[in-house]
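Me: Could you walk me through this protein, one question at a time?

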Amino acid sequence: MRLALLRRTLTAKLLAGQLAVIVAGSATLALVAFAVGPGIFHRHVRNALGYVPPDVLRHLDSAFADALVLSLALGIAAATATAAAVGWLVWTRLVRPLRRLAVAARRISRGDYGSRVTVAGSDELAVLGRAFNEMAASLDSAEERRRRLLSDVAHELRTPLATIDAYLEGLADGVVEPGPATWKLLRSETGRLGRLTEDVAKVSRAEERQLDLRLQRVQARALLETAAQAAAPAFAAKGVRLEVVPASGSPEIDVDVDRLGEVLANLLENALLHTPSGGVVTLAARRDGDDALLSVADTGVGLAAEDLERVFERFYRIDRARSRDRGGSGIGLAIARALVEAHGGEIWAESPGVGHGARFLCRIPAAP
Ligand SMILES: Nc1ncnc2c1ncn2[C@@H]1O[C@H](COP(=O)(O)OP(=O)(O)OP(=O)(O)O)[C@@H](O)[C@H]1O
Ligand SMILES: [Mg+2]
């Protein structure tokens, strides 16, 4: 093996360390045994036997030296074998998993976000492996969200751009009259593009959970009252009644008041838009186990079963033509869902069917 490689691998470093310990230990042992051992040996022999003839002493000396050499040799062999075994263990338990981790990390850095490592046991390496897999999963889903957002945005940009393009072409060919109506239409399409870019930034921030929530303990009912107050003029103008159900023991929740206010405002805006004048929109909050359940119910056009989940998708609108007139991007509920989920809650829609009103519910963990 080349020296540079030896210096680089963990196993080689460990083996070199163990070798140094063995060499130093054996050298010390040999030095002490051969320098001091014979003197002590002679003293014991003389104490036990009195005068010993020189040839007998020489014989005893060589027997003593042989025993020393043999035990040293056996000791060194045993230590070396143990060092090799420890090296092998370190290689399989530490070096191999670390190498696999490095390979997986490199794959991720090349954009293969599906890469994971197998984790067994509960030691520090397993903890590292699990943390690595979690990181990979979160990168994977962020990448997936980014891809979906891009394709959604491209899809949404196409319509206003096509309209503007068609009008400009018509103007150039003299087919479309240049006049206030045309300018107004073109302005409304560019306005729509502008709103779209704002909405996209908002929803992507919300979905990436880059929201720094400023949590505050509030009564759920107080939130509803504030939202109702803000929406009251619009409801009065359309002739839709807005009611806040008097709650018995309204739960307390830890929420970012502005963000959750935004959710309620979105839900109220939708309810008002889809409820004809003479209808009623009802706000309620109650405790449900460990959670607070907030609801916005209307007597409006309602939702078909297949739309109950889809309305939370980005840019999804049931009645595209009508929403477009009003300038809605179909993003309000996607933002609402991201905001509620950032609070550790969930949001969903219920409806007995088209024409029978809709109810949007938010479940938020109640304050302990
Ligand atoms: N209360 C409701 N009753 C019936 N349909 C609803 C109700 N709320 C939402 N919807 C449907 O769900 C769709 C998505 O709603 P969302 O709030 O996400 O978008 P939007 O209101 O169209 O536009 P934006 O909120 O971005 O201005 C709406 O276009 C509408 O078709
Ligand atoms: Mg909306």
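**Domains, helices and strands**

Reply: Happy to. The C-alpha centres of domain 1 and domain 3 lie 77 Å apart, with domain bounds taken from an automatic or database domain assignment. This is a predicted model, where local features need pLDDT of at least 70, side-chain atom pairs count only at pLDDT 80 or more, and totals for chains, interfaces and linings use all residues. Residues are numbered from 1 along each chain as its sequence is written, chains are lettered from A and ligands numbered from 1 in the order in which they are written, and side-chain values use heavy atoms, leaving out hydrogens and water.

Me: Into which domains is the chain divided?

Reply: There is domain 1 at 3-109 and domain 2 at 144-207. The remaining name on the list is domain 3, at 215-365.

Me: How far apart are the end C-alpha atoms of residues 67-91?

Reply: The unreviewed UniProt entry annotates residues 12-36 and 67-91 as "transmembrane region"; such annotations may be inferred rather than shown by experiment. Residues 12-36 are 100% helix and 0% strand, with end C-alpha atoms 35 Å apart. Residues 67-91 are also 100% helix and 0% strand, and their end C-alpha atoms lie 36 Å apart.

Me: Is Leu 10 buried, partly exposed or exposed?

Reply: Leu 10 belongs to helix H2, residues 10-49 (helices are DSSP runs of H or I with at least four residues, strands runs of E with at least two, numbered from the N terminus). Buried means under 20% relative accessible area, exposed over 50% and partly exposed in between, with a 1.4 Å probe and protein chains only. Because its relative accessibility is 42%, Leu 10 counts as partly exposed.

Me: Which residues make the covered face of S6?

Reply: In a regular strand, side chains alternate between the two faces of the sheet. Strand S6 spans residues 346-350, and its uncovered face holds Glu 346, Trp 348 and Glu 350. The covered face is made by Ile 347 and Ala 349.

Me: Which residue in S7 is the bridge partner of Glu 346?

Reply: S6 and strand S7 (residues 359-365) run antiparallel, joined by five bridges; strands pair if DSSP finds at least two bridges between them. For Glu 346, the bridge partner is Arg 363.

Me: How many bridges join S5 to S7?

Reply: In S7, five of the seven residues are buried. Leu 293 stands opposite Arg 363 in S7. Strand S5 (residues 291-298) runs antiparallel to S7, and the bridges joining them number seven.
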